[in-house]
Amino acid sequence: MSEQKSSDAESIPMMQKLLDNPFLLLFIGVAAPSILFLGWGLVEIFTVPMR
Amino acid sequence: MVNNEFRTCPDTGLKFYSSAENLLKVNAVAAVVFLLVGGFYGLLVGLTRWQAVHLLAADNFYMVLTLHGLNVLIFWMIFFEIAILYFCSSVLLGCRLATPRWAWAGFVLMVVGAVMNNVIVLQGASSVMMTSYVPMEADPLFYLSLILFAVGALIGCFVFFGTLVVAKAEKTYEGSVPLVTFGAITAAIIAVFTIVSGAIILIPTFLWSVGVVGEIDALAYRLIWWAFGHSSQQINVAAHVAVWYAIAAIVFGARPLSEKVSRTAFLMYIVFLQLASAHHLLVDPGVSANFKMFNTSYAMYLAVMASMVHGLTVPGSIEAAQRARGYSAGLFTWLRKAPWGNPVFSGMFISLVGFGFLGGITGVVMGAEQINILIHNTLYVPGHFHATVVLGSTLAFMAMSYWLVPVLFRRELVLKGIAKWQPYLFGLGMTGVSLFLMGAGTLGVPRRHWDIGFAGTGGITHEFPAAAYTMLALNGMSVILAVIGGAAFCVIMVGTILFGKKLGNQKMAEPCIVAPVTDEEYEANGGSAYAIPGTLVLAMVFFVSFALYYFINWKYLAETWGIA
Ligand SMILES: [Cu+2]
């Protein structure tokens with residue numbers, strides 16, 4: 001019974017595991033714009049030469 | 001506290017836990033109240049833009065514009081979205097709400113913040129518009145009110161995530177969550193990023209307004225503010241797409257064409273949608289062309305593609321369901337035989353078409369750095385977002401309310417005759433608003449100047465073509481139409497809640513949910529229901545319009561600066 005379960009768990013594709021994990025999605029959804037938009041943008045703004 | 005009482009809805013079979021039910025009710029009611037308030041201010045804005053009427057003086061105009069933006073774009077939307085989150089978690093998963101006390105605390109914070117914000121702005125010293133760009137300074141309480149509201153909304157998001165955990169632990173559902181709930185997860189994730197960005201920028205700005213912080217960098221403010229301002233509108237997109245799927249299931253018993261494809265499209269929202277915030281910074285110095293192009297082009301196109309997937313699969317799933325139920329003749333019998341007199345459907349479908357054709361296409365034009373310059377900071381921008389947020393999200397939420405409010409309050413809908421017409425009235429008015437504002441913007445009318453005649457500016461002599469004045473007059477008339485439609489919605493909702501015939505445990509006279517289309521029905525006629533030629537024709541029309549409009553703008557751009 002438990003063996004059956006574990007083999008079931010393994011047969012779940014990666015993508016579905018990702019989509020079934022709201023907290024991993026939350027992490028991605030916050031990290032992506034934090035790095036690519038906020039982080040990148042702020043680095044550029046604060047490295048503009050002052051004169 | 002007892003948190004395990006529930007009732008099973010006799011009409012839908014859904015479980016409403018009393019903890020969630022009461023929160024759903026208060027959030028929905030608060031949403032409608034702020035829609036009413038914000039819509040009224042929208043009327044005043046429209047009547048001032050109409051140069052022949054020119055209702056408000058400059059100082060009042062900017063105050064009212066601030067109120068309009070915050071009440072409808074932030075308060076109405078987010079109250080409704082919190083209701084959607086609780087519905088999609090507790091009700092759809094048949095599970096108690098996690099930590100109802102925290103949910104109530106969040107709600108109280110949101111109400112306090114929203115009311116306080118209205119009071120402060122009405123005092124006249126915070127007419128900084130929704131964007132409240134520094135170094136323009138508002139009353140410190142203005143920033144504080146928004147922070148309170150944001151914290152309340154954030155609590156709501158975490159109650160939602162907590163409820164997902166409870167549902168999983170108590171095994172109230174099997175396998176993956178339903179697609180509509182997945183859409184709500186997408187909205188909640190975007191909401192978390194939105195609200196955190198809002199806090200990152202509004203807390204220092206609050207401290208600056210009380211003198212604790214010396215200076216806020218204007219460029220950095222714009223960057224972080226738009227992570228909040230733009231993303232908040234992407235919560236709406238994710239939520240209204242979830243509502244489209246829900247309504248397709250409710251009205252047609254439709255099943256998504258492919259769970260995999262639809263969920264992947266939502267995943268693309270999660271990763272890419274928020275990056276398009278950079279389109280607001282396309283003419284900002286300080287950020288590079290690389291930053292602008294990566295975020296608005298590469299990333300945004302992936303998010304746009306996700307929207308097109310939803311725009312194809314929602315009507316596609318409706319077509320498949322209708323064909324399976326026998327409306328299989330020709331290309332469009334399925335659409336002609338749809339319940340056009342049911343505001344739940346008509347509102348949703350007008351939302352879908354308006355969002356795609358008006359909001360979507362113009363959004364891509366605004367996101368392309370080169371052609372963006374044709375309309376940057378003109379009235380085209382409000383024209384665009386009235387198509388996305390009002391025609392798209394607000395109308396979808398209205399459509400959902402026609403179904404949800406009777407089910408939730410156990411009252412029969414009042415004024416059904418008017419409800420039948422309301423989505424058309426509001427949709428037509430708002431289509432006009434979008435088109436005429438975009439028309440005026442194309443003629444170069446600035447987005448935020450109170451008077452295009454430039455009276456009293458002492459020096460600006462620019463004259464706009466007469467067509468610009470016509471556009472603004474037509475916009476004013478469309479605003480009136482839309483406001484009548486919006487007011488009708490509010491009257492119907494408040495009327496239903498207060499005076500609708502009580503249903504108790506009686507079933508409604510007409511069933512409010514269609515039984516899901518079964519496998520046998522889909523498979524009859526050799527599964528031909530899955531061929532969706534009508535939707536594909538609609539999609540082709542969309543692509544052709546898209547391509548034409550896009551290239552017309554490049555042509556305009558080519559003509560802007562002639563080569564001598
Ligand atoms: Cu935006």
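A polar contact is a pair of N or O atoms within 3.5 Å, of which, within protein, one must be able to donate a hydrogen and the other to accept it. In this predicted model, 5 residue pairs, both at pLDDT 80 or more, are in polar contact across the interface of chain B and chain A. Across the interface of these two chains, 0 salt bridges are found.

The interface of chain B and chain A buries about 2,500 Å² between the two chains, and 83% of this area lies on carbon and sulfur atoms. Chain B contributes 35 residues to the contact, and chain A contributes 25 residues. Of the area that chain B buries against chain A, 19% is supplied by Phe193(B), Leu223(B) and Phe291(B), more than by any other three residues. On the side of chain B that touches chain A, two or more residues come from each of helix H4 (140–169), helix H5 (179–209), helix H6 (218–252), helix H7 (259–272) and helix H8 (289–324). H5(B) gives the largest share of that side, with 6 residues.

A nonpolar patch lies on the surface of chain B. Its members are Met540(B), Phe543(B), Val544(B), Leu548(B), Ile552(B) and Tyr556(B), which together have about 590 Å² of accessible area. Ile552(B) is placed in helix H16 (residues 533–560) of chain B. With a relative accessibility of 41%, Ile552(B) counts as partly exposed, because this class covers values between the 20% limit for buried and the 50% limit for exposed.

His68(B) belongs to helix H2 (residues 58–93) of chain B. The relative accessible area of His68(B) is 15%, so this residue is buried. When residues up to four places away in sequence are not counted, His68(B) touches Gly38(B), Tyr41(B), Gly42(B), Val45(B), Leu73(B) and His386(B).

Several backbone features occur in loops of chain B. The loop between helix H3 (100–122) and H4 contains Pro135(B), and the peptide bond from Val134(B) to Pro135(B) is cis, with omega near 5°. Met129(B) is also in the loop between H3 and H4. Phi of Met129(B) is near 65°, a positive value in a residue other than glycine. Met129(B) has a relative accessible area of 10% and is therefore buried. A positive phi, near 50°, is likewise found at Arg410(B), a residue other than glycine. Arg410(B) lies in the loop between helix H12 (380–409) and helix H13 (416–442). The relative accessible area of Arg410(B) is 9%, so Arg410(B) is buried.

How values were computed: Residues are numbered from 1 along each chain as its sequence is written. Chains are lettered from A and ligands numbered from 1 in the order in which they are written. This is a predicted model: local features need pLDDT of at least 70, side-chain atom pairs count only at pLDDT 80 or more; totals for chains, interfaces and linings use all residues. Side-chain values use heavy atoms; hydrogens and water are left out. Patches are made of residues with over 30% relative accessible area and no salt bridge: like charges are joined within 9 Å, nonpolar side chains (Val, Leu, Ile, Met, Phe, Trp, Tyr) within 5 Å. Accessible areas come from the Shrake-Rupley method with a 1.4 Å probe; for residues, only the protein chains shown count as cover. A salt bridge is a side-chain nitrogen of Lys or Arg within 4 Å of a carboxyl oxygen of Asp or Glu. Helices (H or I, at least four residues) and strands (E, at least two) are DSSP runs, numbered from the N terminus. Buried means under 20% relative accessible area, exposed over 50%, partly exposed in between (1.4 Å probe, protein chains only). Contact means heavy atoms within 4.5 Å. Buried area is the accessible area (1.4 Å probe) that two parts lose on being put together, summed over both. A polar contact is a pair of N or O atoms within 3.5 Å; within protein, one must be able to donate a hydrogen and the other to accept it, and residues adjacent in sequence count only if both atoms are side-chain atoms.
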